[in-house]
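Please read it alongside the coordinates.

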Amino acid sequence: MGQIIVGLDPGKVTGISAIKVFSEHGETKHQVVAMHTITLKNFNRRDPETYREFSCLIAHHFSEMRYTFNLPMVLIAEWPQVYQTVAARKKNPNDLLHLSAMAAAAYATGFFKYGIFPTPREWKGQTPKKVDNERIAQHYDVEDFLVNIPKTKQNHVLDALAIAAWGAGKMERLKNEI
């Protein structure tokens, strides 16, 4: 059987990537099955309409995945983290709140059996985004997906894929502990 692990990198351009996790001859396998971006045209973090639009757009992708694969789905969505560095202190931490609202809106669509919300430090540690994206692109067969995504948005789906891969590993560890 298996399950679909959906990685979500929320933002004005939201990356969505999905990995099918299944067992074949007693070995756990991962297969990338979807990579999409959602771009909100009138992004205003203070306007509730932004989150309604986001929920509708993202629910479309999730319902398509549920119909296509008919497997339980798990959401792994990045939860924002406020860093205490000198450079980070110049930014307003309230600017991150809309990202958590987007992650919550995605989970609230009701398509998921579980939701896990790691901070960037939890899922990627100190690895720079560019290095992490290169590693994940080399590890998974994603060329066919990336062809349809503009280069300027590929980092969002690669982040989402890395989040999904982290989540797939986390789910496997949890299964072994039970």
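The points below cover the basis of the model, a strand and its partners, the cores, the aromatic pairs and the charged pairs.

1. Basis. This is a predicted model, in which local features need pLDDT of at least 70 and side-chain atom pairs count only at pLDDT 80 or more, while totals for chains, interfaces and linings use all residues. Residues are numbered from 1 along each chain as its sequence is written, and side-chain values use heavy atoms, with hydrogens and water left out.

2. Helices (H or I, at least four residues) and strands (E, at least two) are DSSP runs numbered from the N terminus. Buried is taken as under 20% relative accessible area, exposed as over 50%, and partly exposed as in between, with a 1.4 Å probe and protein chains only.

3. Partners of S1. Two strands pair if DSSP finds at least two bridges between them. S1 pairs with strand S2 (residues 13-24) in the antiparallel sense, over 7 bridges. The two strands form a hairpin with 3 residues between them, and Gln3 stands opposite Val21 in S2. S1 also runs parallel to strand S4 (residues 73-77), to which 5 bridges join it. Here the bridge partner of Ile5 is Val74.

4. Nonpolar cores. A nonpolar core is a set of buried Ala, Val, Leu, Ile, Met, Phe, Trp, Tyr and Cys residues joined through side-chain atoms within 4.5 Å. The largest has 25 residues, of which Ile4, Val6, Ile16, Ile58, Phe62 and Met65 touch the most other members. At least two residues of this core come from each of S1, S2, strand S3 (27-39), H1, S4 and H3. Another core, of 24 residues, lies apart from it, and its members include Ile5, Ile76, Val142 and Leu158.

5. Surroundings of Ile58. Which residues does Ile58 contact, leaving aside its neighbours within four places in sequence? With contact meaning heavy atoms within 4.5 Å, they are Leu8, Ile16, Ile38, Ala106 and Thr109.

6. Aromatic pair Phe62 and Phe112. Rings of Phe, Tyr and Trp (its six-membered ring) pair if their centres lie within 6.5 Å; planes under 30 degrees apart count as stacked, over 60 as edge-to-face and the rest as tilted. By this rule the count comes to 4 aromatic pairs. One of them, Phe62 with Phe112, is edge-to-face, at 4.8 Å centre to centre and 80° between the planes. Phe62 lies in helix H1 (residues 48-69) and Phe112 in the loop between helix H3 (97-107) and strand S5 (114-116), so the pair ties together parts that are 50 residues apart in sequence. Phe62 is buried at 0% relative accessibility, and Phe112 is buried at 10%.

7. Aromatic pair Trp79 and Phe117. This pair is edge-to-face, with 5.6 Å centre to centre and 70° between the planes. Trp79 is in the loop between S4 and helix H2 (86-89) and Phe117 in the loop between S5 and helix H4 (120-124), so that distant parts of the chain, 38 residues apart, are linked. Trp79 is partly exposed at 33% relative accessibility, as is Phe117 at 28%.

8. Other ring contacts. Ring pairs link Phe62, Phe111 and Phe112 into a cluster. A charge sits over a ring if NZ of Lys or CZ of Arg is within 6 Å of the ring centre and within 35 degrees of the ring normal. The charged end of Lys20 sits over the ring of Phe22, 5.4 Å from its centre.

9. Salt bridges. A salt bridge is a side-chain nitrogen of Lys or Arg within 4 Å of a carboxyl oxygen of Asp or Glu. How many does a search of the whole structure find? The search gives 3. Glu24 pairs with Lys29, the closest N and O atoms being 3.9 Å apart; Glu24 is partly exposed at 37% and Lys29 at 29%. Arg52 and Glu49 meet at 2.7 Å, N to O, and both lie in helix H1, 3 residues apart, about one turn of the helix.

10. Salt bridge Lys129 and Asp159. The closest N and O atoms of Lys129 and Asp159 are 2.7 Å apart. The pair links distant parts of the chain, with Lys129 in helix H5 (residues 129-139) and Asp159 in helix H7 (residues 154-177), 30 residues apart. Lys129 is partly exposed, at 38% relative accessible area, whereas Asp159 is buried, at 3%.
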